[in-house]
Amino acid sequence: MSEPAEQPRFFARPKVRRILSRVVVAVGIVLAVIGVVSGRYGWLFSGIIVVGLGAAMGPGRIRR
């Protein structure tokens, strides 16, 4: 008997990963802008790190 095809888990779906990565990148950009405007370099560096993490969260390749 053939087993039914499993659907990918919720966070493994490319659409969900793309949306989450965009939200995380947007938060990182906001942190970086606040850091630049206020002169708090800790916020700037944390914003840069969050942007990098958000970029890494995106889907590796989009299957169609």
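User: Is serine 21 buried, partly exposed or exposed, and what is its relative accessible area?

Analyst: This is a predicted model, in which local features need pLDDT of at least 70 and side-chain atom pairs count only at pLDDT 80 or more, while totals for chains, interfaces and linings use all residues. Residues are numbered from 1 along each chain as its sequence is written, and side-chain values use heavy atoms, with hydrogens and water left out. Buried means under 20% relative accessible area, exposed over 50%, and partly exposed in between (1.4 Å probe, protein chains only). Serine 21 is therefore buried, at 8%.

User: Which residues does serine 21 touch, not counting those up to four places away in sequence?

Analyst: Serine 21 sits in helix α1; helices (H or I, at least four residues) and strands (E, at least two) are DSSP runs, numbered from the N terminus. Contact means heavy atoms within 4.5 Å. The residues touched by serine 21 are Gly54, Met57 and Gly58.

User: Which residues make the nonpolar surface patch of about 390 Å²?

Analyst: Patch residues have over 30% relative accessible area and no salt bridge, and nonpolar side chains (Val, Leu, Ile, Met, Phe, Trp, Tyr) are joined within 5 Å. A salt bridge is a side-chain nitrogen of Lys or Arg within 4 Å of a carboxyl oxygen of Asp or Glu. Accessible areas come from the Shrake-Rupley method with a 1.4 Å probe, and for residues only the protein chains shown count as cover. The patch is made by Phe10, Phe11, Leu20 and Met57.

User: What is the relative accessible area of phenylalanine 11?

Analyst: Phenylalanine 11 lies in the segment before α1. Phenylalanine 11 is exposed because its relative accessible area is 55%.

User: Isoleucine 34 is in helix α1. Which residues is isoleucine 34 in contact with, leaving aside neighbours within four places in sequence?

Analyst: Helix α1 covers residues 14-38. Isoleucine 34 is partly exposed, with a relative accessible area of 37%. Its contacts beyond those neighbours are Gly39 and Trp43.

User: How far apart are the end C-alpha atoms of residues 19-37?

Analyst: An unreviewed UniProt entry annotates residues 19-37 and 43-62 as "transmembrane region"; UniProt positions are in the numbering used here, feature names are shortened, and annotations may be inferred rather than shown by experiment. Over residues 19-37 the chain is 100% helix and 0% strand, and the end C-alpha atoms are separated by 27 Å.

User: What share of the 64 residues in the protein chain is buried?

Analyst: The protein chain has 2 helices and 0 strands. It exposes about 5,500 Å², of which carbon and sulfur atoms supply 65%. The buried share of the residues is 14%.

Note on methods
Patch = residues over 30% accessible without salt bridge, like charges linked within 9 Å, V, L, I, M, F, W, Y side chains within 5 Å.
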